[in-house]
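Please consider the sequence and the three-dimensional structure shown here.

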Amino acid sequence: MTATPLLSALTARARAKAHTHTRTTTPTPCPCGAETLTDRPDATVVRHADTVAKAHAPDTTPAELTARLTTATHLPGILLPPLTPTPTDLHGRLVTFWPYGTPVDPEDPDAAPWEDAATLLARLHRTPAPPGLPPMRGPAKAAQAITRLRATTPQPATTPVLAAWATLPPWARAEAPMREAPGVHPLPGHTHTHTATATATATHTHTHPTTTTLCHGDLHLGQLVRHPAPDGPWLLIDVDDLGIGTPTWDLARPAAWYACGLLPPDEWTRFLTAYRTAGGPAVPPDGDPWPALDVAARALTVQTAALAIVKATAADRPLDDVQQAVVDACARMGSVPPELAHEYAK
Amino acid sequence: MQCPKCHAPMHTYNRNGVQIEQCSGCRGIFLDYGELEALTRVESQWSGPAAPPQAPQAYPAPPAPAWGAPHGGHHGGGHGGHYGGKRHKSFGHMLFSS
């Protein structure tokens, strides 16, 4: 890989930050285990020793990123705190510095800390949102994925994914503010029978979280690290999408993976149970969580399918079984509109 | 295998200890030789007077949405969905991707 000016400069900054007590006058290879963790158009992340430097997406604004950094600074034990409270400018990109934490081993996802992830989310969601924090960017990210899909040569899988996207409410497509929480309305006919015509027997009346909840916005297994490395407590990282919104979004990736038949039921149950045990407000404390989860889980299923098509098309590859399973789920959404989604699929 | 009707991929599920293939497209079900009889046998056991109305399951499946993948009645046997035994490499990647 050819080092871009940004990557080189970012590496130098991380190195300087990591080795402030070491005089290095020549750019000799650093023996500390320096590495490029991510180098994508929307994020470049490099590590030197115990320091990580991140260049944020080009469209990141200083005010919003600073508000998100401030939130992380004030929630140690939930979010990894940054080394510096404000971003710096480097080659026109905003750069932040973080302590290194040990991530989940991508080669061993079976060791995923589902309970820790769920408990951290529940604690985040129970934290009063600080004033001035921008909206959580989950729906905006989903809309970005759809924009990329529309810019890609249409594939057979494109049609069901766009159709599923069209069934989502405007707030989930980032076309309206997250004013109303999904599931806040009483759901007529919320019943666990097969009969679509069943009258309302179990109206959904729990107090649903409002959309003023502090949310992570982009939860997946890459967003957890142990700090201090290698065996400190698990913490959430990546504040780029953090903000005010609907907390179901943070549960929606595992929910979508489970719904698509990818995440085993026991792992989903571990995650959901730990979230409820920790008093997480996104779902009712017991009973069927799907009336609350449905819209966000659909949105993330659509987002995942869209990006899978974009990447497979760019690489001139067919979708693999796992990607096809996500597209298949989108195809099934067309026959089950969101407001009927509380019916079981048995 | 592919669905003989609509040619979408078929996925294997374990229903009451019987392997069935269901099409991911048209939702049609394919049964191997003897499987229909096996299902009928299980059904008659369930509806028999001595049998409990619901066979106890070691791991009752948690609720799933109507658009979800069909989950078999039993999990953990290595036949349902994509998660039996060794985790699919592609799903491993998906777990870590934005």
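Predicted model: local features only at pLDDT ≥ 70, side-chain atom pairs only at ≥ 80, totals over all residues.

Residues are numbered from 1 along each chain as its sequence is written, and chains are lettered from A and ligands numbered from 1 in the order in which they are written.

Helices (H or I, at least four residues) and strands (E, at least two) are DSSP runs, numbered from the N terminus. Two strands pair if DSSP finds at least two bridges between them. On these terms, five strands of chain A make an open sheet with antiparallel pairing, in the order S1-S2-S3-S5-S4. Strand S1 (35–40) and strand S4 (88–90) of chain A each have a single partner strand, so one side of each is left without a neighbour in the sheet. On average, and with direction ignored, neighbouring strands of this sheet are turned by 25° against each other. Angles otherwise run from 0 to 180 degrees between N-to-C directions, and axes are lines fitted to C-alpha atoms, for helices over the stretch in contact.

Within the pairing, Asp39(A) stands opposite Thr44(A), and Thr36(A) stands opposite Val46(A). Helix H1 (residues 5–18) of chain A packs on the sheet and touches S1, S2, strand S3 (51–55), S4 and strand S5 (93–99) of chain A; the direction of H1 makes about 35° with that of S2(A). Contact here means that the C-beta atoms of two residues, placed from the backbone, lie within 7 Å.

A further open sheet has three strands, in the order S6-S8-S9 (chain A), with antiparallel pairing. Strand S6 (102–103) and strand S9 (234–236) of chain A stand at the edges with a single partner strand each, so one side of each is left without a neighbour in the sheet. Two bridges join S6(A) to strand S8 (residues 224–226) of chain A, and Pro103(A) has Val225(A) as its bridge partner. Helix H3 (residues 114–126) of chain A lies across S8 and S9 of chain A, at about 50° to S9(A).

The domain assignment divides chain A into domain 1 (27–99) and domain 2 (109–340); such bounds come from an automatic or database domain assignment. Between the two, 14 residues of domain 1 are in contact with 16 residues of domain 2. Helix H2 (residues 62–73) of chain A gives the most to the domain 1 side, with seven residues. That side divides into nine nonpolar, three polar and two charged residues, where Ala, Val, Leu, Ile, Met, Phe, Trp, Tyr, Cys and Pro count as nonpolar, Asp, Glu, Lys and Arg as charged, and the others, Gly among them, as polar.

Several helices of chain A pack against one another. The axes of helix H5 (residues 158–166) and helix H8 (residues 290–314) of chain A come within 10 Å and cross at roughly 150°. H5(A) and H8(A) are therefore roughly antiparallel, given that angles under 35 degrees count as roughly parallel, over 145 as roughly antiparallel, 65 to 115 as roughly perpendicular and the rest as oblique. Residues in this contact include Trp165(A) of H5(A) and Arg298(A) of H8(A).

H5(A) also meets helix H9 (residues 321–333) of chain A, with axes that come within 8 Å and cross at roughly 50°, which makes H5(A) oblique to H9(A). In this contact, Pro160(A), Val161(A) and Ala164(A) of H5(A) meet Val327(A), Cys330(A), Ala331(A) and Met333(A) of H9(A). By class, the contact has seven nonpolar, no polar and no charged residues.

Helix H6 (residues 248–259) of chain A and H8(A) have axes that come within 7 Å and cross at roughly 70°, which makes H6(A) roughly perpendicular to H8(A). The residues of this contact divide into twelve nonpolar, three polar and one charged.

Finally, 28 residues of chain B are in contact with 39 residues of chain A. The chain B side has 15 nonpolar, twelve polar and one charged residues.
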